[in-house]
Amino acid sequence: MNNPQTSEPRGHNADAATQPGFQAHGRNSQVQGKIGAQQLERLAIVYIRQSSPQQVLDHRESRARQYGLVNYAQALGWPKDRVVVIDEDQGHTATTSDERSGFQRLLTEVTLQHVGLVMGLEMSRLCRSNRDWAHLSDVCGVFDTLLGDQDGIYDPNDVNDRMVLGLKGIISEVELTMMRNRLERGRQHKAARGELFQKVPMGYVKLPNGQVELDPDEQVRAVVQLLFDKYDELGSVRVLWRYLLRQKVRLGIRLQEGPRRGHLEWRQPCLQTLYAILRHPMYTGAYVFGRWRRRRQRPAVNGQRTAKVQILPMSEWQVLLRDRLPAYITWERYLANRERLEQQRSRSDRPGSVRSGKALLSGLLVCGRCGGRLHINYVHRKRSYYECVRHRRDPNHARCPGLSAAVIDAYVTEKVLHALEPAALELSLKALQGIEEERGRLDRHWQQQLQRARYETERAERQYQAVEPENRLVARTLEKRWEEALQGQRQLQEEYDRFLHTQPPLLTEAERARVEALAQDIPALWHAPETSPAERKEIIRCLVERVVVTINEAALDMNVAIHWKGSQVTQDTCFRPVRSYTRMPNLQELLERVRYWRQQGCTAAEIATKLTAEGFQPPKRRDHLFTAEIARSLLHQCGLGAEHQQSDLLKKHEWWAADLARELKIDPKRINAWIHRGWVEARRTPIHKRWLVHADPKELRRLRKLAAAIDQTACHRPDPAMTRPRKHADN
Ligand SMILES: [Zn+2]
């Protein structure tokens, strides 16, 4: 529709003069007086607008009248090929002109001085908002462009015309607003009666008489029921979603619009739908209206638009009528689901939902260095560690040290189980009560301060009001004082808000009851093999708000602060395992001891025991004990690894059994057999008792012959002269 149209409008060939409402001929002289040669030289633009596609279909009549303006322009003296129709905005709904390209084009043409006359049906409707309207008439005034509609031609520079145009603009705006308000009020009344239904969620159908019933399809209802039951069981929307996908459960959705309205379609579940279903109060049988509010669209900033709707808290819902419709779940269950969904929203200040991983503190651990949440990293099926990921998001941020999940999990578990012992619990709850009282006292203090500030402000105001206006100097001073008091009050209020914000949440009555119930049989439950990590996590989260870990890189320890629910904090410094020996601060000392014990002839297992006894702790181990394996790896680091790697153990012409076998190109087992039969001369190493075989060049020759003889004769009893080892000088 972009090309300008100058021909007869489609489907319409009536003469402009026969159109109702076109009275130009009656007042020709008046109209002609306004149109000068200057205007006639330029274009006449007919601007046509219908907002929504539905309006375009419905209002053919109005559209025909708009195209009739083309004929009118011709009647006023513009040649046929100088009348341009702009109808790009047909079917566009936009509340501001920014999104209507046709209107922008019109303005551009006017400012380029291409336009002598702008025509539109009821000129003021040309623009939706008063602002656009005023803008257009201003621009037309500057560039000597006339405005026209079926009632006449207006010169924006003429005071009378301008006033008429302005009034028309205002009236049109008011008319539109009134209509909208009337419609809206009608809707509100209907909603207040609980009869206005827009879309109904899955599992419900809207009957032709406007009533809402359960879906007649049994399978649709069963799936809805399954969603709620499974969510109770699985506890997380994502887990529920994956479950549904895995089990190939499809959701029965009734099409709400289009020609196939009311048809049932089976679709794969998506996360948004699941969230919407769990949040929808209709499933409890409640009628609700106004759960969200439409936002005025702001222009996009950096390509990011603001959300079109704002979700309102339950207290701001316009209408909530319970037990109006058939229900799937109870209201209480709905509230519990909402609560759970809110808890599970992953935000940096909330722990997020319990995940299935083994690490017990995921979501609760906070980096003591930068305050970010520590993320769990499952490097290996058995090993996992928490790491601060701040440096990934912020390249300027130095990397914070991470820590092994096992150690901190064990530490917090121990503390939690200890806290749940009945005696400890009673003490904690008592302490909690003390804290609550303390906070109440602080709060009362704040309230008094606020009250005093309010009083001061009111008094300053009264004094200012009481002064005679003639007494300007005094009034000015008093006004200043009043302003200061107001400012002070505002500051105090802000400080109070900050105070409230920094106070940790208190334990609710329900939470307290849950803790007490849990305490009865926790330790047994905790250690039971059928208790899953997720259940253990739930228990920890009942008690622990967050755990702040500050790692001391210079030493083998870390500071752990457990923030309990209800504002108590326990702090402790505990042993921190490191990921590798290179990070151990006392590594040199440790290796020194390893060398010493090796020189004393100790085996790896013995060295491990000695190191543990001397108070050393190995990296990465939960039990803090050295094992033979660790000792072996340490020996290896000292260059004292396994004996076969130590060449200084070999005397002249001595071979490791395996090396000799390789030299003779025979199976190493045969060397072992020869050693046992006494066919070669051998000795054992001091620690691992491995065999060292003496074989100088002459012996090597003998052994080669021996091997060849056995191979050739297939006889296992060769000539005794060949099997006798030669004596050598060392022995
Ligand atoms: Zn950090």
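In this predicted model, Asn337 lies in helix α11, which spans residues 331–344. With a relative accessible area of 2%, Asn337 is buried, since the cut-off for that class is under 20%. Beyond its neighbours within four places in sequence, Asn337 contacts Phe228, Tyr231, Asp232, Leu278 and Ile329. Two of these partners, Phe228 and Tyr231, are also among the residues through which helix α8 meets helix α10, and Leu278 belongs to the α10 side of that contact.

Helix α8 covers residues 218–234, and helix α10 covers residues 271–279. The axes of the two helices come within 11 Å and cross at roughly 90°. The two helices are therefore roughly perpendicular to each other, as angles of 65 to 115 degrees are placed in that class. On the α8 side the contact involves Leu227, Phe228 and Tyr231; on the α10 side it involves Leu274, Ile277 and Leu278.

Helix α8 also packs against helix α9, which comprises residues 237–246. Here the angle is about 125° and the axes are 9 Å apart. The arrangement of α8 and α9 is therefore oblique, and α8 passes α9 in a right-handed crossing. From α8, the residues in contact are Leu226, Leu227, Lys230, Tyr231 and Leu234. From α9, they are Val237, Val239, Leu240, Tyr243 and Leu244.

Helix α19 (residues 587–599) holds Tyr596, and helix α20 runs over residues 604–613. The axes of α19 and α20 come within 10 Å, with a crossing angle of roughly 135°. These helices are therefore oblique to each other, and their crossing is right-handed. Leu590, Arg593, Val594, Trp597 and Arg598 of α19 meet Ala604, Ile607, Lys610 and Leu611 of α20. Tyr596 has a relative accessible area of 35% and is partly exposed. The C-alpha atoms of Tyr596 and Ile607 are 9.5 Å apart, with a sequence separation of 11 residues.

The zinc site comes next. The protein donors of the zinc ion are the SG atoms of Cys367, Cys370, Cys388 and Cys400, lying 2.3 Å from the ion. Along the chain these donors follow the spacing C-x2-C-x17-C-x11-C. Cys367 and Cys400 link distant parts of the chain, being 33 residues apart. Cys367 belongs to strand β14 (residues 365–367), whereas Cys400 is in the loop between α12 (390–393) and β17 (403–404). Both Cys367 and Cys400 are buried. The angles subtended by the four donor atoms range from 97 to 119°, so the arrangement is tetrahedral; the criterion is that all angles lie between 85 and 135 degrees. The ideal angle for four tetrahedral donors is 109.5 degrees.

Two residues other than glycine with positive phi values were also considered. Asp323 has phi near 55° and is located in the loop between β13 (319–321) and α11. At 64% relative accessibility, Asp323 is exposed, the threshold for that class being over 50%. His653 has phi near 60° and is found in the loop between α21 (628–637) and β21 (654–656). The relative accessible area of His653 is 35%, and the residue is partly exposed.

Helix α24, made up of residues 697–713, contains Arg704. Arg704 is partly exposed, with 39% relative accessibility. Apart from neighbours within four places in sequence, Arg704 is in contact with Glu663 and Leu664. The C-alpha atoms of Arg704 and Ile666 are separated by 9.4 Å, although the two residues are 38 residues apart along the chain.

Taken over the whole chain, the secondary structure comprises 25 helices and 23 strands. Of its 731 residues, 39% count as buried. Among contacts between residues at least 6 apart in sequence, 61% join residues at least 24 apart.

How values were computed: Residues numbered from 1 in each chain as written. Predicted model: local features only at pLDDT ≥ 70, side-chain atom pairs only at ≥ 80, totals over all residues. Heavy atoms only, no water. Donors = N, O, S within 2.8 Å, 3.2 Å for Na, K, Ca; no water. Tetrahedral: all angles 85-135°; square planar, octahedral: opposite > 155°, others 65-115°. Helix = DSSP H or I, 4+ residues; strand = E, 2+ residues; numbered from the N terminus. Buried < 20%, exposed > 50% of the residue type's maximum accessible area, 1.4 Å probe, protein only. Axes fitted to C-alpha atoms, helices over the stretch in contact; angles between N-to-C directions. Parallel < 35°, antiparallel > 145°, perpendicular 65-115°, else oblique. Left-handed = near helix turned anticlockwise from the far one by under 90°. Contact = heavy atoms within 4.5 Å.
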